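Subject: Structure for you to look at

Hello,

Here is the structure I said I would pass on. Please open it beside this email and find each residue as you read.

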Amino acid sequence: MTTKKYLLAGAACAALVPVFLTACKKEPASGHGGIDAKPVAASGENAVPASAQSAHFAAVNGHLDLGGMLYAYMDVDGDVEKIAGMVQGFLDTAKKEAGDDMPPHLKNLDVAKVLEELGLSGIEAMGGSSAKDGAIYHNKAYVHIPNGRKGLLKILGGGAEPFASKSLAPADTDLAWEMTLDVQAGYEVVSTMVRQVGGPDADQEFQRAVGEMIPQLGLSMNDILTKLNTRVTVIGRLHPDKPLEIPDAPVSFPSFDLLVALDDTGWLFDKIVASVKKEVPEDQQAQMFASGDGFEKVMGPPMPSPDMVIAQPVIYHDFASKRVLIGSSQAFIDECLANTANLLDSDAYKKAAAGLPTEGNALSYMSERFTKEYRRLFTEMMKSMPGGMGAQEAMIMGPLMGVVDTVMPGLGQGQAGVVVNLPEGILSVSNAGTSFKEAVLMGG
């Protein structure tokens with residue numbers, strides 16, 4: 001295997017990391033990289049001649065930081081087509097050998113067309129960089145798509161938008177995660193795959209199935225999927241001083257407040273609630289449903305213990321924002337909607353995400369308290385192994401904790417991040433407790 005192929009495998013692993021744990025970095029002294037970065041060509045005595053440089057290097061290099069602990073660039077222009085051709089060759093050979101025994105979904109499969117519809121053929125280069133600042137790593141990953149995103153690459157929505165956490169997350173939030181989600185783009189990808197792999201008959205059956213009306217809602221799956229574009233936001237707050245009451249639990253789990261917000265889904269909530277109400281006896285509806293000035297909600301059963309922070313799950317339609325809020329309690333929903341002290345304005349968030357843009361397509365944040373609780377739970381669960389911490393268990397525990405320290409050395413401090421769709425690619429920037437180096441090593 002060539003060095004490029006090794007790097008491709010490692011870079012693919014590294015590129016997935018910032019989608020789930022990403023953050024904006026402080027700009028280095030070199031001024032390299034950034035949301036609005038301009039192309040930067042290779043220069044200096046070690047640079048290859050301009051005529052021999054990759055056509056996409058300058059575009060990718062402009063988004064990365066040079067001189068840190070890791071820098072990687074890879075031109076993949078045309079590689080997807082080569083892979084498609086190789087796989088198609090195997091399939092054509094198999095067709096000749098199998099004849100009529102060839103599975104129907106493989107007989108007419110056009111591999112190049114499938115990869116093009118998925119949008120993978122549009123990726124022409126990628127790169128990543130990591131630089132250390134104290135215990136935090138500044139990570140960047142950029143995927144260059146000069147002709148625009150399509151297929152799978154459109155699922156993260158369109159252009160950058162203001163973050164919902166700005167209007168929802170309390171200042172003492174421990175976990176915030178949000179992502180724009182173009183459900184229609186995902187639906188189109190699935191539909192295309194059915195057509196490409198299954199052929200006309202499978203496509204016709206798929207279209208019939210998604211076009212069927214759901215009697216209770218008066219909508220078809222096609223109606224829902226082509227309209228359900230949203231932003232998903234998750235907000236959590238831990239209460240280590242109020243452990244959950246779990247009988248015989250080997251470790252102490254903190255109780256928590258939790259909110260899941262779905263933008264622009266009020267229309268679907270109303271349809272579902274109207275359908276459910278028809279099935280609930282009228283004398284029981286007051287226990288489950290309530291409405292008032294600017295809201296309608298569905299209430300779950302109260303928790304058995306009044307000491308638990310999760311008092312009573314609630315699904316709440318806020319008419320003003322058109323959001324559907326699924327909360328662990330009405331009190332936490334009210335606190336999030338009041339937004340008297342916001343996470344993005346807090347000192348803890350500003351420290352974890354210095355320079356974070358106010359708009360993007362994905363955001364993640366973990367507080368210092370969250371990372372410490374994560375590590376505590378991991379350690380205590382290992383120590384609570386059946387039989388206790390004997391010599392054999394200690395032999396296992398030591399190396400495992402070493403892995404945790406190597407792969408996640410930043411646990412114990414706040415971390416945050418952002419992913420942004422750009423006109424010619426997708427950029428992820430992060431302040432995190434681990435660098436891309438660990439991701440590449442683990443991928444290898």
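What follows is a list of side-chain contacts, then some notes on the backbone.

This is a predicted model, in which residues are numbered from 1 along each chain as its sequence is written, local features need pLDDT of at least 70, and side-chain atom pairs count only at pLDDT 80 or more. Totals for chains, interfaces and linings use all residues, while side-chain values use heavy atoms, with hydrogens and water left out.

Aromatic pairs

The search of the whole structure gave four aromatic pairs. Rings of Phe, Tyr and Trp (its six-membered ring) count as a pair if their centres lie within 6.5 Å; planes under 30 degrees apart are called stacked, over 60 edge-to-face, and the rest tilted. One of the pairs is F57 with Y73: the ring centres are 5.0 Å apart and the planes are at 85°, so this pair is edge-to-face. F57 belongs to helix α2 (residues 57–61) and Y73 to strand β1 (residues 70–75), so the contact ties together parts that are 16 residues apart in sequence. Helices (H or I, at least four residues) and strands (E, at least two) are DSSP runs, numbered from the N terminus.

Buried means under 20% relative accessible area, exposed means over 50%, and partly exposed is in between (1.4 Å probe, protein chains only).

The rings of Y187 and F206 have their centres 6.2 Å apart and their planes at 35°, so that pair is tilted. Y187 is buried, with a relative accessible area of 9%, and F206 is buried with 18%.

Charges over rings

A charge sits over a ring if NZ of Lys or CZ of Arg is within 6 Å of the ring centre and within 35 degrees of the ring normal. K227 lies over the face of W267, 4.4 Å from the ring centre. K277 has its charged end over the ring of F289, at 5.4 Å from the centre.

Salt bridges

How many salt bridges does a search of the whole structure find? The search finds 16, where a salt bridge is a side-chain nitrogen of Lys or Arg within 4 Å of a carboxyl oxygen of Asp or Glu.

Start with R231, which forms a salt bridge with E161 (3.7 Å, N to O). R231 is in strand β8 (residues 229–243) and E161 is in strand β4 (residues 161–162), so the bridge ties together parts that are 70 residues apart in sequence. R231 is buried, with a relative accessible area of 3%, whereas E161 is partly exposed at 37%. R231 also forms a salt bridge with E178, where the closest N and O atoms are 2.6 Å apart. This links distant parts of the chain, with E178 in strand β5 (residues 175–182) and R231 in strand β8, 53 residues apart. Both E178 and R231 are buried.

K277 lies in helix α9 (residues 266–277) and E296 in strand β11 (residues 295–299), so the pair ties together parts that are 19 residues apart in sequence. K277 is partly exposed, at 27% relative accessible area, and E296 is buried, at 16%.

Salt bridges also link D172, R237, D257 and E335 in a network.

Backbone

Helix α3 (residues 79–98) has 20 residues, and its end C-alpha atoms are 29 Å apart, which agrees with the 28 Å it should span at 1.5 Å a residue. The expected span is 1.5 Å times one less than the number of residues. Its buried residues are D79, V80, A84, Q88 and L91. Just after α3, G99 has a positive phi of about 60°.

Which residues other than glycine have a positive phi? D264 is one of them, with phi near 55°. D264 is in the loop between β9 (254–262) and α9, and is partly exposed at 42% relative accessibility. N339 is not a glycine either and has a positive phi of about 50°. N339 is in the loop between α11 (330–338) and α12 (347–352), and is partly exposed at 26% relative accessibility.

Regards
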